[in-house]
Amino acid sequence: MLLWTRIVLLAVICSSLLVSPGMGCGPGRGYGRRRHPKKLTPLAYKQFIPNVAEKTLGASGRYEGKITRNSERFKELTPNYNTDIIFKDEENTGADRLMTQRCKDKLNSLAISVMNQWPGVKLRVTEGWDEDGHHFEESLHYEGRAVDITTSDRDKSKYGTLSRLAVEAGFDWVYYESKAHIHCSVKAENSVAAKSGGCFPGSSSVTLQDGSTKAVKDLQRGDRVLAADGDGNLVFTDFITFIDRDSATRRIFYVIETDGGHRITLTAAHLLFVSLNSTARGRSKAVFASQVRPGHRVLVPDGARLRAVTVSRVSTEEQVGSFAPVTVQGTVVVDRVLASCYAVVQDHQLAHWALAPLRLAHWASSLLWGAQRRPSAHEDGVHWYSKVLYHLGTWLLDPHALHPLGVSSSSS
């Protein structure tokens with residue numbers, strides 16, 4: 001009877017923690033989206049957000065080449081038949097409806113916001129994919145990654161607010177370019193910016209409790225890996241799950257090398273601990289990998305303790321496959337360097353607190369079924385709870401607390 005009471009209690013606790021956040025996202029189009037305040041801050045004429053050049057990593061990323069109807073990459077484009085959007089289509093070829101999936105997702109989201117902001121008004125696309133060479137060289141219109149938009153009533157007094165709505169909808173770069181339209185663009189589907197959650201390459205290694213090493217991609221529930229606790233002590237902790245697992249996508253990783261020959265490889269938005277004049281993690285801070293510079297000091301195991309070593313070189317490289325393991329401690333030693341398990345939000349403690357329901361579920365599962373309950377494999381994809389947290393974060397947190405590259409809805 002005591003066992004069943006414990007099971008019911010655990011079920012209630014887990015349900016309250018795991019289901020409640022999910023309710024904020026809800027099913028179906030439009031449910032759970034951030035409700036815009038009645039007064040939005042319009043963009044000024046010629047203002048762009050983020051305040052960097054369009055084809056830089058912090059915005060929509062580099063130009064990857066023109067797409068034509070005869071090119072292999074034409075299959076990257078998908079038509080948008082959303083009836084809530086008016087497409088000008090002055091060429092009568094349907095080209096303005098063609099765009100990448102990411103652009104389509106953001107445009108459809110914006111269409112909902114426009115109708116909510118101005119009942120009876122729809123979003124209007126004046127230019128989408130360009131196959132006729134009407135734009136400047138290396139325009140993202142040639143890749144289906146850019147759209148020029150207005151409102152259906154062509155009321156220019158609305159365009160500043162329309163620009164802000166486009167930012168809120170998730171476009172990676174928004175420019176109040178002309179009195180006649182707003183220019184919006186997105187990251188490439190396969191770029192580091194569109195797939196920039198916190199991950200390690202599958203070949204990166206962790207240290208197990210028996211002293212052996214194991215590739216990150218091969219981790220299974222029940223494995224105990226080397227990590228550090230909140231006081232900076234080296235401990236072995238349970239691997240819980242992957243919050244992001246992708247075996248096939250090619251991504252750009254930051255490679256951080258130290259004077260002592262240590263080398264860790266991780267994505268731009270992943271958190272890494274940088275020492276603040278101490279070897280203890282309590283005197284360190286978590287920063288994005290893209291912010292680490294030569295001269296910074298990262299933490300590495302040295303016997304039973306952590307030691308700070310100086311970063312000598314930071315570079316980037318492409319690899320196929322990326323994996324984001326989560327442990328009970330929220331930290332993990334990867335390739336003999338201490339890293340956070342978290343990414344995108346530059347607050348390790350906040351992220352660790354937010355993942356408490358996963359740790360509770362792991363504890364409950366271990367208590368009830370023991371270590372024998374191990375999946376033989378993990379499926380690729382982003383953990384549903386991670387998606388919930390990201391959307392809540394974009395709603396509740398200051399945008400400056402998030403990594404500027406963000407995470408696409410399709411990846412993480």
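Two strands are taken to pair if DSSP finds at least two bridges between them. In this predicted model, strands S3 and S5 meet that condition, with three bridges in the parallel sense. Isoleucine 85 has leucine 123 in S5 as its bridge partner. Both strands belong to an open sheet of six strands, arranged in the order S1-S7-S8-S6-S5-S3 with mixed pairing. The edges of this sheet are formed by S1 and S3 (85–87), each of which pairs on one side only.

Helix H3 (residues 159–169) is largely enclosed by the rest of the structure, because nine of its 11 residues are buried. The buried positions are Tyr159, Gly160, Thr161, Leu162, Ser163, Arg164, Leu165, Ala166 and Ala169. Their cover includes helix H2 (101–117) together with strands S1 (48–49), S5 (123–127), S6 (146–151), S7 (173–178) and S8 (181–185). Just after H3, glycine 170 adopts a positive phi of about 105 degrees.

Strand S12 (residues 234–258) takes part in several antiparallel pairings. With strand S11 (residues 224–228), S12 pairs in the antiparallel sense over five bridges, and alanine 227 stands opposite valine 235. The hairpin of S11 and S12 has five residues between the strands, and glycine 232 there takes a positive phi near 85 degrees. S12 also pairs with strand S13 (residues 263–266), in the antiparallel sense and over four bridges; here tyrosine 254 stands opposite leucine 266. Four residues lie between the strands of the S12 and S13 hairpin, in which glycine 261 has a positive phi near 90 degrees. The pairing of S12 with strand S17 (residues 305–327) is likewise antiparallel and runs over 15 bridges. In that pairing, valine 320 of S17 is the bridge partner of arginine 250.

In soluble globular proteins, nonpolar side chains tend to be buried together. The largest nonpolar core of the model contains 50 residues, of which Val206, Ile256, Ile264 and Leu272 touch the most other members. A second, separate core comprises 27 residues, including Ala111, Trp118, Val121 and Val186. Beyond its neighbours within four places in sequence, leucine 272 is in contact with Ile256, Ile264, Leu266, Lys285, Ala286, Val287, Val292, Val298, Val337, Leu338 and Ala339.

Serine 275 is located in strand S14 (residues 270–275). Serine 275 counts as buried because its relative accessibility is 8%, and the cut-off for burial is under 20%. When residues up to four places away in sequence are not counted, serine 275 touches Arg283, Ser284, Arg297, Leu299 and Ala308.

Rolling a probe the size of a water molecule over the atoms shows where empty space is left. The model has two cavities of 30 Å³ or more. The second largest cavity has a volume of about 40 Å³. The lining of the second largest cavity consists of Glu91, Thr93, Ala95, Glu127, Trp129, Asp130, Glu131 and Asp132. By class, this lining has five charged, two nonpolar and one polar residue.

Conventions:
Residues numbered from 1 in each chain as written. Predicted model: local features only at pLDDT ≥ 70, side-chain atom pairs only at ≥ 80, totals over all residues. Heavy atoms only, no water. Core = buried A, V, L, I, M, F, W, Y, C linked by side-chain atoms within 4.5 Å. Buried < 20%, exposed > 50% of the residue type's maximum accessible area, 1.4 Å probe, protein only. Contact = heavy atoms within 4.5 Å. Helix = DSSP H or I, 4+ residues; strand = E, 2+ residues; numbered from the N terminus. 1 Å grid on protein atoms, 1.4 Å probe; cavity = no way out; pocket = protein on both sides within 12 Å on 5 of 7 lines; lining within 4 Å. Points joined across faces, edges and corners; volume = space filled by probe spheres on them. Nonpolar A, V, L, I, M, F, W, Y, C, P; charged D, E, K, R; others polar.
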